Amino acid sequence: MKSRAVRSKAFSWPPNLADYVLYAAWHLACLSVIWVGVSWKAVAICAASYFLRMFGLIAGHHRYFSHRSYTLSRPMQFLMAFLGTTSAQRGLLWWVASHRYHHLHSDTDDDVHSPVLRSVLYAHSGWFLDPLQRATKVDQVPDLAKYPELVWISDWSWIPVTVYGLAIFALFGLQGFVWGFVVSTILVWHGIHALSSFAHTPGGFRRYPTADYSRNKWFLSLVTLGEGWHNNHHYYPASARHGFFWWEIDLAFYGLKALSWVGMAGDLKMPPPHVLRGEMPGFQRRVKRYERDLADVRRRIGAFLDATPGTDALKQRIEERLDAFIAAPRAVFIQVPDVRIRAHRELRREVLAAASLLLRTLGKQELARVLKMLGREIDQLMKSPPFAEILGALPPTDRPAPLTANLVLTTEGART
Ligand SMILES: [Zn+2]
Ligand SMILES: [Zn+2]
């Protein structure tokens with residue numbers, strides 16, 4: 001009797017059970033294509049509905065409401081909010097607040113959907129269904145909350161979804177409804193969620209020095225109307241254009257350009273030349289500082305080893321390694337955080353390996369003195385911009401321990 005009471009107390013329905021049921025039911029509803037069949041017309045309706053509503057999310061929810069990258073009249077603003085909301089991605093304010101939070105805390109513990117710190121599945125749709133992410137971070141959206149119509153459409157987000165579904169049914173019948181509403185909504189969900197799960201995972205390329213894991217991926221851009229140029233976007237989120245160069249296809253931007261020609265959108269913000277070159281204010285200074293730190297470390301190690309007989313080979317090896325870093329300091333900033341840390345770890349490993357060559361030529365005390373100096377200098381580089389700017393965001397277990405902590409092991413077996 002008692003154990004049953006304990007068991008029944010331990011069980012409770014998840015607070016967002018309705019979300020899970022709706023999510024699963026909508027997927028299952030796609031199976032109704034078995035009964036309604038398929039036709040070219042149905043596939044065309046599905047594709048058109050996908051691109052139309054993806055445009056509402058990408059050009060509206062993301063580029064307009066989240067980043068204010070162009071202007072709309074107030075009626076057009078409402079229409080855009082309506083169109084984006086037909087995709088059943090919850091309320092506008094919730095969506096924008098979650099997205100702004102992602103930019104504020106990209107790939108750190110506070111990021112709502114980082115595939116680096118959580119699983120790819122969680123970043124894809126787990127976060128969307130997570131009860132902990134259910135509340136709207138209202139402090140992120142004061143600029144939108146002052147429009148009563150935007151608050152209304154956020155609170156009653158099921159109304160645009162229902163109106164859209166009924167309109168599709170009225171226009172295209174049951175087969176058109178299944179393909180143009182049920183199936184295309186699922187495709188929109190997974191298209192937009194693929195940005196959370198795959199735009200920060202390996203593959204594609206990075207052009208710009210951001211402190212996160214964002215990447216540019218052409219295929220993702222094709223299915224998300226240009227959003228796959230995600231490293232561009234994290235580098236300069238204010239731009240209405242995410243494909244920064246003509247060969248980076250950006251369908252949402254072409255749509256916005258067309259709207260601007262007919263006066264329905266205005267003031268499309270573009271990336272200025274220094275942004276295209278990857279030279280945000282302060283970047284050159286950070287690169288110079290890193291170059292100077294590397295040169296200082298090289299000079300101090302050189303002077304120390306010059307004064308320590310029997311260390312010529314070690315000095316040459318360390319200088320060669322540091323010269324490689326000095327030759328490409330910008331590249332280190334473009335690497336994702338764990339690759340930057342790995343590069344530094346390799347440098348440390350190489351220094352230790354080189355020093356171990358001296359086991360037989362230096363006395364134990366002398367070797368300890370050399371290693372202590374090298375450890376201090378290599379550790380010093382971690383305070384330089386490309387490392388210092390990412391270390392704070394790393395979980396403590398991922399931060400490299402000071403090199404000086406490893407020295408005792410290395411001196412074991414030295415000549416005494
Ligand atoms: Zn991102
Ligand atoms: Zn964004």
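In this predicted model, helix H15 covers residues 283-306, and its 24 residues should span 34 Å at 1.5 Å a residue; the end C-alpha atoms are 34 Å apart, which agrees with that expectation. The buried residues of H15 are Tyr-290, Asp-293, Val-297, Ile-301 and Leu-305. An α-helix has 3.6 residues a turn, so residues three or four places apart point the same way.

Leu-322 touches Leu-294, Val-297 and Arg-298, leaving aside residues up to four places away in sequence. Val-297 is itself among the buried residues of H15. Leu-322 and Leu-347 are separated by 25 residues in sequence, and their C-alpha atoms are 8.2 Å apart in space.

Leu-347 also takes part in the pairing of H18 with H19. The axes of H18 (residues 337-356) and H19 come within 11 Å and cross at roughly 170 degrees. Because angles over 145 degrees count as roughly antiparallel, this description applies to H18 and H19. On the side of H18, the contact is formed by His-344, Leu-347, Arg-348, Val-351 and Ala-355, while H19 contributes Val-370, Leu-371, Leu-374, Ile-378 and Leu-381. By class, the residues of this contact are eight nonpolar, one polar and one charged.

In soluble globular proteins, nonpolar side chains tend to be buried together. The largest nonpolar core has 47 residues, of which Leu-92, Leu-93, Val-96, Ala-252 and Leu-256 touch the most other members. Helices H4 (40-66), H5 (74-85), H6 (92-104), H9 (148-155), H10 (158-198) and H13 (251-261) each supply at least two residues of this core. The greatest contribution is that of H10, with 13 residues. A second, separate core has 19 residues, including Val-297, Ile-318, Ala-355 and Leu-371. Of these, Val-297 belongs to the buried residues of H15, whereas Ala-355 and Leu-371 belong to the contact of H18 with H19.

Leu-93 touches Thr-136, Val-141, Leu-144, Ala-145, Leu-150, Val-151 and Ser-154, residues up to four places away in sequence not being counted. The axes of H6 and H9 are 7 Å apart, and the helices pack at an angle of about 95 degrees. H6 and H9 are therefore roughly perpendicular to each other. Leu-92, Leu-93 and Trp-94 of H6 meet Leu-150, Val-151, Ile-153 and Ser-154 of H9. The contact comprises six nonpolar residues, one polar residue and no charged residue.

Another crossing in this part of the model joins H4 to H13. Their axes are 10 Å apart, and the packing angle is about 80 degrees. This angle lies in the range from 65 to 115 degrees, so H4 and H13 are likewise described as roughly perpendicular. Phe-55, Ile-58, Ala-59 and Arg-63 in H4 meet Ala-252, Gly-255 and Leu-256 in H13. The residues of this contact divide into five nonpolar, one polar and one charged.

H5 contains Leu-83, which counts as buried because 20 C-beta neighbours lie inside 10 Å. Apart from residues up to four places away in sequence, Leu-83 touches Arg-53, Gly-56 and Gly-60. Leu-83 and Val-161 are 78 residues apart in sequence, yet 9.0 Å apart in space from C-alpha to C-alpha.

Two loop residues complete the account. Most residues other than glycine have a negative phi. Arg-90, in the loop between H5 and H6, has a positive phi of about 70 degrees although it is not a glycine. Asp-107, in the loop between H6 and H7 (120-129), also has a positive phi, near 55 degrees. Are these two residues buried, exposed or partly exposed? Arg-90 is partly exposed, with 18 other C-beta atoms within 10 Å, whereas Asp-107 counts as buried, with 25 C-beta neighbours inside 10 Å.

Technical notes. Residues numbered from 1 in each chain as written. Chains lettered and ligands numbered in written order. Core = buried A, V, L, I, M, F, W, Y, C linked by C-beta atoms within 7 Å. Buried ≥ 20, exposed ≤ 12 C-beta atoms within 10 Å, placed from the backbone. Helix = DSSP H or I, 4+ residues; strand = E, 2+ residues; numbered from the N terminus. Contact = placed C-beta atoms within 7 Å. Expected span 1.5 Å × (residues − 1). Axes fitted to C-alpha atoms, helices over the stretch in contact; angles between N-to-C directions. Parallel < 35°, antiparallel > 145°, perpendicular 65-115°, else oblique. Nonpolar A, V, L, I, M, F, W, Y, C, P; charged D, E, K, R; others polar.
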